Amino acid sequence: MSGAGPSAATKRSAAEYRIEDLAHASGATVRTIRAYQDRGLLPTPERRGRANVYRDTHLARLRQIADLLDRGYTLASIKELLEAWDAGRGLGGVLGLVAEVHGPWTDEQADRITRDELYAKFGGAQDDQAVAEAVELGVLERIPGRDDEFLVPSPQELSVAVELHAAGVPLIAISGHLRELRGHVEHIATRFLEFTTEHVFARYLGHRPPTDADAAEAASLVRRLRPLAQQTVDAELARAMRTFATRHLQHHLGADASLIPGSSTSQPRSVPLPPETMRAVQRLVGPQNVAAFVAASAEREVAARTLDALAASRNESRRIDQNG
């Protein structure tokens, strides 16, 4: 015998597939493979007689296409990427950028929960409709083959729902609030992406697809800027909650609002003025100056009354001192 047989690598590189075998190995259907060929996404197979012969390069390309589809790319954009790859421009930086954007945007770790544990967290009520609603919203994800267990992508989000329910908020109200909140947050995310794309990423993504170096630099920037959106929203939400929670409490406490630090019992209110007074002011200062005149007059009256009150208080103190 003359030497060792072919290595495993040699066998793999020499592997040949009929289209049915390629479909089985890749997980794609025969129809999908043919559609990819028609679109130019797959290299032309070798023709042997009346049959097409595929190789590992076709299998690798199918898996690459499937991965990019999972990451949200369209077939048209995938074709551009693959053409760049075939032209020797490389996809290392581009795929690195894809992985960076597609990766987790939070340090939170997903968890699992059984159906019984879920019911227990919400007071023991077996509400299958609420579970279905949570699955639709993505708060829970079904695990194939496990009807009694769910994946919890964000344990923090589930904990918020548990606390709200324990405080007396109905599950249907919690679901409705989450839907409304999600719409606002998605708008914020869209605006942040538009803002950073315009001012930061546009210079790196001008080429389609971007060069390998530009894509790598953009991926590095994604890593640096990733926390900024959440940090900004956290800071602004804290500011808004402090402001509006104080106003909300003042509104409900009414006369006792003075108990709130920084609050004032004097709430702004509208004061109707007689029409003849407004017409007289308008004739005096002109229509464009009515608001400024009224404001200045009110300030002058407040100042005068304040001085009168201070003077009266001082005179009263003198009288008490003299009588004492």
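Predicted model: local features only at pLDDT ≥ 70, side-chain atom pairs only at ≥ 80, totals over all residues.

User: How many helices and strands does the chain have?

Analyst: Helices (H or I, at least four residues) and strands (E, at least two) are DSSP runs numbered from the N terminus. The chain has 13 helices and six strands.

User: What share of the residues is buried?

Analyst: Buried means under 20% relative accessible area, exposed means over 50%, and partly exposed lies in between (1.4 Å probe, protein chains only). Of the 324 residues of the chain, 23% count as buried. As for contacts (heavy atoms within 4.5 Å), residues 24 or more positions apart account for 55% of those in the chain with a separation of 6 or more.

User: Which residues of α8 are buried, and which exposed residues does the opposite face carry?

Analyst: The buried residues in α8 are Val131, Glu133, Ala134 and Leu137. Down the axis of α8 they fall within an arc of 160°, so they too line one face of the helix. The face turned away from that buried side carries the exposed residues Gln129 and Glu136. Among the elements that cover the buried residues of α8 are α7 (115-121), β6 (146-152) and α10.

User: At what angle do α8 and α10 pack?

Analyst: Axes are lines fitted to C-alpha atoms, for helices over the stretch in contact, and angles run from 0 to 180 degrees between N-to-C directions. Helix α8 (residues 128-137) and helix α10 (residues 171-201) pack at about 10°, with their axes 10 Å apart. That angle makes α8 roughly parallel to α10; angles under 35 degrees count as roughly parallel, over 145 as roughly antiparallel, 65 to 115 as roughly perpendicular and the rest as oblique. On the α8 side, Ala130, Glu133, Glu136 and Leu137 meet Leu171, Ser175, Leu178, Arg179 and Arg182 of α10. By class, this contact has four nonpolar, one polar and four charged residues. In this scheme Ala, Val, Leu, Ile, Met, Phe, Trp, Tyr, Cys and Pro count as nonpolar, Asp, Glu, Lys and Arg as charged, and the others, Gly among them, as polar.

User: Is leucine 178 buried or exposed?

Analyst: Leucine 178, which lies in helix α10, is buried, with a relative accessible area of 15%. Leaving aside its neighbours within four places in sequence, leucine 178 is in contact with Leu137, Val139 and Glu157. Leucine 178 and valine 139 are 39 residues apart in sequence and 9.8 Å apart in space, C-alpha to C-alpha.

User: Where does proline 45 lie, and what is it in contact with?

Analyst: Proline 45 lies in the loop between α3 and β2 (46-48) and is buried, at a relative accessible area of 10%. Beyond its neighbours within four places in sequence, proline 45 is in contact with Gln37, Asn52, Val53, Tyr54 and His58.

User: How many salt bridges are there?

Analyst: A salt bridge is a side-chain nitrogen of Lys or Arg within 4 Å of a carboxyl oxygen of Asp or Glu. The count by this rule is 14. One of them joins arginine 191 and glutamate 194 (2.6 Å, N to O). Both residues lie in helix α10, three residues apart, about one turn of the helix. Arginine 191 is partly exposed at 43%, and glutamate 194 is partly exposed at 40%. Salt bridges that share partners also join Glu16, Glu46, Arg48 and Arg55 into one network.

How values were computed. Residues numbered from 1 in each chain as written. Heavy atoms only, no water. Arc of directions from axis to C-beta.
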